[in-house]
Amino acid sequence: MSTTDATTTPLRARAAWASLERHHGAIRERHLRELFAGDPMRGERLVAEGAGLYLDYSKNRITDETIGLLLRLAEECGLAERRDAMFRGERINVSENRSVLHVALRMPKGESVVVDGVDVVKEVHEVLDRMSAFADRVRSGEWKGHTGKAIKNVVNIGIGGSDLGPVMAYEALRHFSRRDLTFRFVSNVDSTDFVEATRGLAPEETLFIVSSKTFTTLETMTNAQSAREWSLGTLGDDSAIAKHFVAVSTNAEEVTKFGIDPDNMFGFWDWVGGRYSMDSAIGLSTMLAIGPDGFRDLLAGFHALDEHFRTTPLERNLPVLMGLLAVWYGDFFDAQTVGVMPYSQYLQRFPAYLQQLTMESNGKHVTLDGRRVDYQTGAVFWGEPGTNGQHSFYQLIHQGTKLVPVDLIGFGKTLNPVRDHHDILMSNVFAQAEALAFGKTEDEVRAEGTPDAIVPHRVFEGNRPTNVILAEQLTPYALGTLVALYEHSVFTQGTIWGIDSFDQWGVELGKVLAKRIIPELESETELAHDSSTNALIRRYRALR
């Protein structure tokens, strides 16, 4: 199929889509019990490996024919061509006319991607080298605050991709972080977030990282100004700001106006979307926590999965398989959500990170050429670490009326060996996948001597799909592979749906209206909204 056909033929008009619709009708009632009984080696065959990750996708409601048809759909949608265009730096973000090059953030020195005559990999490493030098100065105590004291506290101020990635990475890699440094994060414009994040900290020992590409983001700059006042309340002298604030931004004028030395501004580029930026200068707090060497290991993990995605045949390609399965459940089984359950306490913020990555990327209602879609796009992502979730929402996944595909993430080795905790933890990964797939039949319940009246309550239908993702241990490298796995799964889904996974116009309208409403809350000006909004503003004025 030509590139033109791949981008212009409506999805539901594609031959593979029609074949998948017929195929779904034929297999939708088939149970995983039947599929495994008919193919005893299925669990060893429907697996894939790459970049240190192992994916068992055998407990999905699929056959070999399903995978073949999904791969044909990927071919008809030009997945390989669009992937290669991304890696070449072509402007595949059409609504903003931008390249999409988060993959360049983790390319090794010596590789090259030229965009508009500029080698962006060279620029990336120039910023990484500056970040490394700065991180070494802070971590060694060479960098001194205004009063001559070393930095003991780092507070990252950002929102969205400037917060979720750094928070997630810090929690995930806490085992590798410097324990004599305190790291806190401020994102919410709710003053409580700032007050609690700075409670107990000494301004003379605190460094703020203000992350805003434009240095005008309302929430971030409101918190940054409060941090400035908090610091000066103790330090007094405006010149102290340069010793206690650094910026991750591209707006040197505003950074300088704030009082930050432009030499301590770390830039990034318009071809990096916020939700794809944790391995850019946005990850400065991560580098301060785990050190430049640890950060390079993180980048190496990202790059290893990038190379797997770029070079591995689609039928053995982890993110491609996961992305195609997401399309299968969302568009043919009408699954509305996806559960991501990491069996690692360190990954407690991973589902929240994935919410932005997946939902901001693929929560779109028009195609690349502006046509309204007539199929489902991005699912709602959610989750919590195991085993906690098993004692809250797993009930619905097992016996509820909604189909919820689930990713279960586990590790062969724990970073904190205590008694048999890790064996117990991992036994639950395998048990949950088994229980969700096969359930418990009425006959099995009766065989346990269950009273007739109770039997229906104890039947598990099963046939609930899971992916099981295993890695050896949660290291910086492994975290990089996991994040890149989901990045490229998102890309795969967006390519099939023919949408722009790299813009986010949906976050704009509410922000614009909020700026209009702020002065109306602070005065008794005439209101010209709808009756509900007007009434709410008047009620707030009275409460205030």
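Biologist: How many aromatic pairs does a search of the whole structure find?

Modeller: The search finds 21 aromatic pairs; rings of Phe, Tyr and Trp (its six-membered ring) pair if their centres lie within 6.5 Å. This is a predicted model, in which local features need pLDDT of at least 70 and side-chain atom pairs count only at pLDDT 80 or more, while totals for chains, interfaces and linings use all residues. Residues are numbered from 1 along each chain as its sequence is written, and side-chain values use heavy atoms, leaving out hydrogens and water.

Biologist: Why is the pair of Trp328 and Phe333 called edge-to-face?

Modeller: The ring centres are 5.3 Å apart and the planes make 80°. Planes over 60 degrees apart count as edge-to-face, under 30 as stacked and the rest as tilted, so the pair of Trp328 and Phe333 is edge-to-face. Trp328 and Phe333 also belong to one aromatic cluster with Trp17, Tyr329, Phe332 and Tyr375.

Biologist: How do you know whether Trp328 and Phe333 are buried or exposed?

Modeller: Relative accessible area is 0% for Trp328 and 15% for Phe333. Buried means under 20%, exposed over 50% and partly exposed in between (1.4 Å probe, protein chains only), so Trp328 and Phe333 count as buried.

Biologist: What makes Trp382 and Phe393 a pair that ties parts together?

Modeller: Their ring centres are 4.7 Å apart with planes at 75°, so this pair is edge-to-face. Trp382 lies in strand S11 and Phe393 in the loop between S11 and helix H16 (394–399), so parts eleven residues apart in sequence are tied together.

Biologist: Why is Thr206 called buried?

Modeller: Its relative accessible area is 0%, so Thr206 is buried. Thr206 sits in strand S7 (residues 206–211), strands being DSSP E runs of at least two residues and helices H or I runs of at least four, numbered from the N terminus.

Biologist: What does Thr206 touch, not counting residues up to four places away in sequence?

Modeller: Thr206 touches Ile151, Asn153, Val155, Leu201, Trp230 and His244, where contact means heavy atoms within 4.5 Å.

Biologist: Which residues have the most contacts inside the largest nonpolar core?

Modeller: They are Leu288, Phe350, Leu479 and Tyr486, in a core of 122 residues. Such a core is a set of buried Ala, Val, Leu, Ile, Met, Phe, Trp, Tyr and Cys residues joined through side-chain atoms within 4.5 Å. Helix H13 (residues 284–311) gives the most to this core, with eleven residues. A second, separate core has 20 residues, including Leu201 and Phe208.
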